[in-house]
Amino acid sequence: MEIITRRGARTMDQAEFDELRSRYASTLVDLGTGDGAWPRRFAREHDNVLAIGIDSDRKALQEAAKMAERKPARGGAPNALYVAASAETLPPELHSIADWITIYFPWAALLRLILSGDEQIADILDALSAPRARFSIVLNAEAVPDGFEQPDPASVRKSLKAPLETAGFRVTRAEWLASEQAPPTTWGGRLVKGSGRAMVALDAQR
Ligand SMILES: C[S@@+](CC[C@H](N)C(=O)[O-])C[C@H]1O[C@@H](n2cnc3c(N)ncnc32)[C@H](O)[C@@H]1O
């Protein structure tokens, strides 16, 4: 698969990835990670977790990798990894590896898949999830693509019901989030600083 380091893109093959994973007790996968701040932060707080950020935006991932490859005393995290891929075409190396999948403040294609309850969500979860995986999403309810209604907890639960069931997940929480509950991502920080825009959170468990 294509990983992004501070020097640019390179290939990490299955054997190298297996060796890397074997050093950690569990794996977080953050889809649509953007600048990758959340997996880096999680990796720093949990040194027994491999935290993987995935995005199709290679430029953003290179900035993420630059931060992660700093010395730990300067904000780095040797247990953070950045993979260039789109959610719809995930590399086979990532099959069944994720104990926790997060999607925070998605936009564009990823947001449309969620709001429409597209069956591709089932494929994505099926591809990434370990047997007892957890799945968490947080949406900015006020940034909606053309042609979609503003989501609320009930509508997100309803649209994801079928793909979640197909992938073997059950919903454990669907609710509005107060701004102080925003996940610690860059976009979460922007929204909190903004005008108290509404966030919808959904959690599910396999
Ligand atoms: C608003 S940013 C949020 C970034 C980060 N999660 C945060 O909260 O700061 C949305 C990200 O989703 C990514 N994205 C959108 N569609 C995607 C897709 N189909 N596959 C992978 N990444 C996608 C974009 O490249 C962008 O980095």
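This is a predicted model: local features need pLDDT of at least 70, side-chain atom pairs count only at pLDDT 80 or more; totals for chains, interfaces and linings use all residues.
Residues are numbered from 1 along each chain as its sequence is written. Local features need pLDDT of at least 70, side-chain atom pairs count only at pLDDT 80 or more, totals for chains, interfaces and linings use all residues, and side-chain values use heavy atoms, with hydrogens and water left out.

The ligand is surrounded by 18 residues, each with a heavy atom within 4 Å of the ligand. Gly32, Asp55, Ala87, Tyr104 and Thr185 are the closest. By class, this shell holds 8 nonpolar, 7 polar and 3 charged residues. Here Ala, Val, Leu, Ile, Met, Phe, Trp, Tyr, Cys and Pro count as nonpolar, Asp, Glu, Lys and Arg as charged, and the others, Gly among them, as polar.

Polar contacts are pairs of N or O atoms within 3.5 Å. The side chain of Asp55 places an N or O atom 2.6 Å from a ligand oxygen. At Tyr104, a backbone N or O atom lies 2.8 Å from a ligand nitrogen. A polar backbone atom of Trp187 is 2.9 Å from a ligand oxygen. On its own, the ligand has 600 Å² of accessible area, and the protein covers 94% of this (Shrake-Rupley method, 1.4 Å probe).

A pocket is an open set of points on a 1 Å grid over the protein atoms alone, with protein on both sides within 12 Å along at least five of seven lines; lining residues have an atom within 4 Å of a point. Helices H4 (108–115) and H7 (186–193) each give two or more residues to the ligand shell. Helices (H or I, at least four residues) and strands (E, at least two) are DSSP runs, numbered from the N terminus.

The volume of the largest pocket is about 560 Å³, taken as the space filled by probe spheres set on the points. Its lining has 29 residues, with Gly32, Thr33, Gly34, Asp55 and Trp107 closest to the centre. The lining comprises 15 nonpolar, 8 polar and 6 charged residues.

Notes
A polar contact is a pair of N or O atoms within 3.5 Å; within protein, one must be able to donate a hydrogen and the other to accept it, and residues adjacent in sequence count only if both atoms are side-chain atoms. On a 1 Å grid over the protein atoms alone, a cavity is a set of points where a 1.4 Å probe fits but cannot get out, and a pocket is an open set with protein on both sides within 12 Å along at least five of seven lines; lining residues have an atom within 4 Å of a point.
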